[in-house]
Amino acid sequence: MKLTVEKTDDGQGAIVTFVEDHLDAGNVKAFKDGLQPILDAHQAVLIDMSPLNFVDSSGLGALLSCLRAMNKKEGQLKLFALTKPVQTLFELVRMHRIFAIYNSREEALATR
Amino acid sequence: MNTAILLTDWDDPQHDSAPLGVPNCLLPFLDRPALQWVVERLVRSGCTQIHVVLGDHPLPIRAFLEEGARWGCRLVYHHAGAEERFGQIMRRLDLASEPGYVLANATRLPFGEDSALFQALPATSSGRAAVWNQDSLTHWGGWGVFTGAWLLAQDVESRQAALEACLLQVETIEKPLLTMPLSAATPAALIESNRRLLSDGSPESPMQRIGRGCTTHPGAQLVPPFLIGQQVKIGFGAIIGPEVVIGDGALIDRDAHLHRSVISPNTYVGEGLELEGAVAREHWLANTRLDTVIEITDSHLLSALPRHDPTASGSGTAGDPWLALALWIVLAPLQTLTYWQARRDPPPRKTLVTLPRPGGAEPIEIEASLANPQSTLQDDGSRRWARHFHQSFYPGLREVMRGRLSLVGPSPRSLAEVRELPEEWRSLYIVSRCGLLNEALLQPEEALFPETRFASDALAQVQHGKVGDTLKLLRQYLVRVMRSLGTRRHS
């Protein structure tokens, strides 16, 4: 799965952007494999969710496992710019209470 | 005034007229579809013939209304093209110029006292339109009584908003002021309309209506006002209300929180879900706060429940026997391995047990080890899965191939046991075959309270026939069997 990665200004974090518009059983393994080295190498990872229009339960599971990995090393995982369909699903399964979710990249970067 | 014109697809085209998979007028106001309220109101006002103008989604509306005998009126259907002007459609209805016709939008319903609307028109009047005020603006409620001549003369787009702009300017049309009508035009309007209906009684005694045959776990919390339809099941820890309407036959799984929401009939709401300001229908979910509708593809979150039809044959999934045959072949080596693991166990009892079959079909006789698979899971925890596979699951595949059991279904129970179950639980066996696999089988014995078993059987009914769910259960089961193969017998 293609992900674009940029460093934050302080070099400690990474901003990851999806290239595909869905995260489901078909690409979730590739997503985890692609994201794992980034999680390992950074203390803060920000994921730009704006391209995603569809996430299923396996996608939610993958995001949860990323969150667990970051919590384990006391790092931060932030999601920003969720589309309405994805936000609806997050609220439905109450995951909006578990993740740090921000409206925009600027808001996510400004919050420590 | 004995003829009405009912426009079923007449709302603003920028809103989807069927965002939740059915036309908006078929979504519920309390215990029945908005369209039913509309037709009942028209009949009550004296209409004996209704011209039903169908739009983009004609079939479900026609299927619901049928020919009108059950409503006490005659229905005449007309199909209108998206580009047809209002006057063109009216000309096709063969209207006389003088009498008054009741014009009604199928997604709107006058609310409160509305008898002034249906009185006979004076000779000088072109019509009468029920209006309401909001923010110092006057709106038309979508219902009115008009002369045929006036209707035939309106060369406007066939939308309520277009006719509203026109009729509000006409002085010969009376405009009695009513309260805001109920509306199912959007999910947000539907929720608000249901809220108004729920609160229609006195504030001291908010509506708390629970339909026949409902099962509510004692650990669930019901906060009025609410309306719960017939045969609804609500699991442990669920919080229902305030301002919640649940349609007949819905299943609300444990720990789900519903607030200010409308759940359509026969919809499954999964464990732990939170719905606020939402309309759920089968696998569609409208979130009014975010103004979006999504399709949920995970059936364990939100899905359609099979409608209870006692006359159905309950023949199950056509693919089950083939999948069972494939599993029979693929899992043969595992059966050999489990035989070695379980060879010192006492063999299963050879007695026969009578199992019920769906749709009132003749009961079947089946070996006890298949009829009560939990029995092969008793004791000796480390190897019990291998024994279960050897004595219950693998032999059970033969029964699936013969069409006597399903791969996924309610736990096998003897006829006598099923007769002892509560009515709603028993009803699962009326429509579903017993199955080899379900969630209860995979739970530790100490976690299996009656409500967990019931929820599992009801969920199995949802999962039945869905290959994804079958494979998921199968994978979880086989992982347990494989793990137990490596363990040694306790002394």
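A residue is counted as buried if 20 or more other C-beta atoms lie within 10 Å of its own, and as exposed if 12 or fewer do. By this definition, 33% of the 112 residues of chain A are buried in this predicted model.

**Chain A**

The secondary structure of chain A consists of 4 helices and 7 strands. In sequence order, these elements form the pattern β-β-β-α-β-β-α-β-α-β-α. Chain A has a radius of gyration of 13 Å, and the globule rule gives 13 Å for 112 residues, so the chain is as compact as a globular protein of that length. Along the principal axes, the C-alpha atoms of chain A fill a box of roughly 35 × 25 × 25 Å.

**Chain B and the two chains in figures**

Chain B contains 15 helices and 31 strands.

**The nonpolar core**

In soluble globular proteins, nonpolar side chains tend to be buried together. The largest nonpolar core of this model has 151 residues. Which residues touch the most other members of this core? They are Leu6(B), Val38(B), Ile252(B) and Leu285(B). Helix H10 of chain B, residues 384-401, gives the most to the core, with 7 residues. When neighbours within four places in sequence are left aside, Val38(B) is in contact with Leu6(B), Ala104(B), Ala106(B) and Leu109(B).

Terms used. Residues are numbered from 1 along each chain as its sequence is written. Chains are lettered from A and ligands numbered from 1 in the order in which they are written. This is a predicted model: local features need pLDDT of at least 70, side-chain atom pairs count only at pLDDT 80 or more; totals for chains, interfaces and linings use all residues. The radius of gyration is taken over C-alpha atoms; the globule rule is 2.2 Å times the number of residues to the power 0.38. A nonpolar core is a set of buried Ala, Val, Leu, Ile, Met, Phe, Trp, Tyr and Cys residues joined through C-beta atoms within 7 Å. Two residues are in contact if their C-beta atoms, placed from the backbone, lie within 7 Å.
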